[in-house]
Amino acid sequence: MSSVTLSNITKRFGNFTAVKDLDLVIEEGEFFTFLGPSGCGKTTTLRMIAGFYYPSEGKVKFNEKDMTTVSPENRNTGMVFQNYALFPHMTVYENVAFGLKVRKKKKAEIKKRVEDVLEKVRLKPFIDRQVSQLSGGQQQRVALARALVIEPDILLLDEPLSNLDARLRDEMRNEILRLQREYGITTIYVTHDQVEALTMSDRIAVFNVGNCQQIGTPTEIYNQPVNDFVAEFIGETNLLDVDWKEDKEEFYSEGLNKSIAVIPPEPEMSEGPLKMSIRPEAIQVSEEELSGPNVFLGNVQLVQFTGEAVHSFIAIHESDVTLKVTDLNKGPSTYLKENAQVYVQLPPSQVRVVPKAKKE
Amino acid sequence: MLNAEKRKTLFLLIPIVLILVGYVLYPSIETLLESFKRNGAMTLQNYIDFFGPKAQSNLEALWNSVYISLLSVLLSACIGIPLAFIFTRYDFPGRSFFSGIAIMPIVLPSLVGVMAFMWLYGEVGLVPSAIRDIFGLEEVPFSIGGVSGILIVHAYTMYPYFYMTVSSALNNVDPSLEESAANLGSSRFGVFWKVTFPLLTPALVAASLLVFMVSMASFSAPFLLAGGYRVLSLQIYFSKINGNLEMAATQSVILSIISISFLLFMRWFQGRKDYRMGTKGIGAHRSEVSNPLLKWIMVSLGVVAMIVLLLPHVVLAILSFVPEGSWTWQTYPTSFNFENYRLLFEDPNIWDPVRNSLFMAFVACLGCFVFGMITSYALVKRKFIGKNLLDILVMIPWALPATVVGMNLILAFNKETPFSFGQVLVGTYWILPLAYFVRFIPLVVRSTSAVLEQLDDSIEEAAQSLGAKWFYTFRRVVLPIIMPGVLSGTLLAFVQAVGEFPTSVLLYTLDNRPISIEIMNQLRLFNLGQAAAFGMIQVGLIAIVMIISYKFFGVKSENTL
Ligand SMILES: Nc1ncnc2c1ncn2[C@@H]1O[C@H](COP(=O)(O)OP(=O)(O)OP(=O)(O)O)[C@@H](O)[C@H]1O
Ligand SMILES: [Mg+2]
């Protein structure tokens, strides 16, 4: 078990910067997730931790020990690759035993440890199979077992579930979590699936083109995004431009043509353009008149039924703003009718004003 | 400062570059220099002579080579393309058997193939004589020789290039493309011209270039059949025999320029993004031939083709039982026994060439195996500056005609050089294994690279992150995975080294004369039976190697081109 410290890491390929000034500390035993859109530098960061790339600038430390230029085979990290990278010419047993053989363990010990770990990933019956004869989910578990069996200080997982179908993905999520808790290994998990990130992680780092935007627990990231990029990338949200009117000490939305009540009532940052974000599930909708702050009148444009939830798009009168509202499915009688006139309310405690992310 | 990765790359590259420079680049440069020399002085005189009126035979030979090569392409295409269509698109009794027979010409080493054709269809050949005697004619109705002989042999040995490339391209054509064109109202003919043919063009161009290059380089066919007809590859040999090394060098340079430009053109052509692989995982669909008349026409055509294709093999086998001195003036051989094979194992003079061939091919292939593996690994998996150049350098021995490779080695190693450790190599035993080695490096590199390119980088990284050092990873992970590719390349190299004639004839000595040279000697002595027996040994070796590589490594002969 190790903690991982990345201090001011920059990685350039030629004159293209893939990761810029990344600074973060991953605690011992933590399940830490890198989340971000495609091409934002997640894999690159992970590979610098594994040692396949050396950072152009900055330092990688495990437990305060400088590992920046240590080669991959001397880092004791277990990596699960996106395509699993199983050795095609070996059986399940040989794949899992590979790391132990390299470490020159005794035959009997290797056998015992391989069997134990295969038991844990529930692959004991397949021990002598050729890996090409396994299903995708089974192969993934072999890859996981191969990484776990060497008792790595750090477990690195690069989108390990992206090739699986939805059900298997769900099952594997729980399995990975269970194993991680059981072994208590510091785990770094790369994904661009936000549900995966929110459900599994102790903490999440949200990336955008080479930059880390926010680090926090899942609830912090979802409920208190630091800027509009994070708010928009994680979950659904309604984003509107707002201005802080110094004289009246209130937020004013040009689009809605109205001032907006917000709790807490002051911007955390007064410089630069601001946005307000409100989650669709936080908006109140009613056919009867609502009282209180931030009430608007609108017309239902479209109702989408997704199974567990119902999305309604409501065009606010006398503006070009359309708000998305989500409600749990409580039966057909509760669905809004298209073209019906409704009242919407944005509860002040749920409205969050954030700075606009810098465009690079 | 160099980091660990770069150090490893450099460590790999040093031996590769040394060997390639020493045995490929340096000999070519020596030849180039020699071509500018006349009596020790630098001059353009050799080129002036080549293109000038003084030695018209050279220019004539160049045009003859080009002419023969063009016709060979045409003939091979006319045989190979229809065959490929019939076998991939129609299903009829015996289809897979016939399609196996269709590639039989490639198990005949070129010299042996030409020899068999001579016996079958030459002036006193068995087939024309038989027709004359059966129909009671005065004269033989036909015989091959000169241009027609060369062309027929070329068509026989080279149509498999078309057959194989077009078959595999046809297998990759998504049938739904043709079906959708037909569905849109296109006629059968329209579908072929508008859809199928354009999809096949890359394969056709590749096969044409290949056949053109191979027939420019062809040596055995003109050597035995040409009579007075001059072609460039043979002219090099004559110049060398006559001791005119400067002219031989000049001729080599001109042939090299043609071959290397073809190589570069082919690289460019294959490097373009092509549109064959639009969809994946769709096998060709074959239509069952249901019309019984058509079915039987096809089957009988197949049988006739099979006889024509296998006749050379059969005649070789039969004649190998004809003892010395029993078939001289007679039209047909009269007695048969195992004398030739018995002599092989008893007479050291007759056994020696077999041993030489096996040993030299083995040594050369061992070299190709190790060198090809390392080179291919460096080319596919390592990053360095000048990779493209190295890639071209590796492929040059493949593009150069064997005669030119032989001349290059003669001109480089007929004096003491650092690359031969201060020895004169020409005239020694080791010059021939060296020539085989140089010639067959590209085969191993190509087949290894094909497998290595499929190997995902992350496999190596996975081993590394599990704690394995580079060499351990290479030995336990990379090597076992690429072994089928390396071995199939090496086995093919072995097959070709055993049958190799052009470099052998330029470089052999009494000590190391291989089977091919002995075949030539026995032919000169009109000891046809022994020549055939030697030929059978070559064919047998080749067959064994092909069966092994197919059975144990699943390597199809198609993939070995
Ligand atoms: N070896 C390389 N050479 C040059 N550019 C690279 C290299 N590796 C990555 N990049 C670039 O760096 C950027 C970040 O790549 P990275 O693989 O880290 O993205 P990612 O966040 O993992 O994306 P994805 O979710 O699609 O896997 C990309 O723009 C990519 O093109
Ligand atoms: Mg990635």
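I take helices as DSSP runs of H or I with at least four residues, and strands as E runs with at least two. The model is predicted.

**Entry 1: chain A, make-up**

By that count I find eight helices and 20 strands in chain A. I looked up the extent next. The C-alpha trace of chain A spans about 75 × 50 × 35 Å along its principal axes. Of the 360 residues in chain A, 52% are buried. I then checked contacts with a separation of 6 or more; in chain A, 66% of them join residues 24 or more positions apart.

**Entry 2: chain A, surface and charge**

I get an accessible surface of about 17,000 Å² for chain A. Carbon and sulfur atoms hold 46% of that surface. I list 42 positive and 51 negative side chains in chain A. The centres of these two sets are 11 Å apart.

**Entry 3: chain A, the annotated span**

I checked UniProt for chain A. An unreviewed entry puts "domain: ABC transporter" at residues 4–234. I find this span of chain A to be 37% helix and 26% strand. Its end C-alpha atoms lie 25 Å apart.

**Entry 4: helix H1 of chain A**

Is H1(A) largely enclosed or open? I find eight of its nine residues, in the run 42–50, to be buried, so the helix is largely enclosed by the rest of the structure. Among the buried residues I note Lys42(A) and Arg47(A). Leu46(A), Met48(A) and Ile49(A) are buried too. After H1(A) comes Gly51(A), with a positive phi near 100°.

**Entry 5: chain B, make-up**

I count 23 helices and four strands in chain B. Its radius of gyration is 25 Å, close to the 24 Å from the globule rule for 561 residues, so chain B is as compact as a globular protein of that length. The C-alpha trace of chain B spans about 85 × 70 × 55 Å along its principal axes. I find 53% of the 561 residues buried. In chain B, 76% of the contacts with a separation of 6 or more link residues 24 or more positions apart.

**Entry 6: chain B, surface and charge**

I get about 25,500 Å² of accessible surface for chain B, with 67% belonging to carbon and sulfur atoms. Chain B has 36 positive and 32 negative charges, and their mean positions are 10 Å apart.

**Entry 7: chain B, the annotated spans**

UniProt, again in an unreviewed entry, places "domain: ABC transmembrane type-1" at residues 62–266 and 354–549 of chain B. I looked up residues 354–549 of chain B and found 79% helix and 0% strand. The end C-alpha atoms of that span are 22 Å apart.

Note on methods:
Residues are numbered from 1 along each chain as its sequence is written. Chains are lettered from A and ligands numbered from 1 in the order in which they are written. This is a predicted model: local features need pLDDT of at least 70, side-chain atom pairs count only at pLDDT 80 or more; totals for chains, interfaces and linings use all residues. Side-chain values use heavy atoms; hydrogens and water are left out. The radius of gyration is taken over C-alpha atoms; the globule rule is 2.2 Å times the number of residues to the power 0.38. Buried means under 20% relative accessible area, exposed over 50%, partly exposed in between (1.4 Å probe, protein chains only). Contact means heavy atoms within 4.5 Å. Accessible areas come from the Shrake-Rupley method with a 1.4 Å probe; for residues, only the protein chains shown count as cover. Lys and Arg count as positive and Asp and Glu as negative; His and the chain ends are not counted. The place of a charge is taken as NZ of Lys, CZ of Arg, CG of Asp or CD of Glu. UniProt positions are given in the numbering used here, feature names are shortened, and annotations may be inferred rather than shown by experiment.
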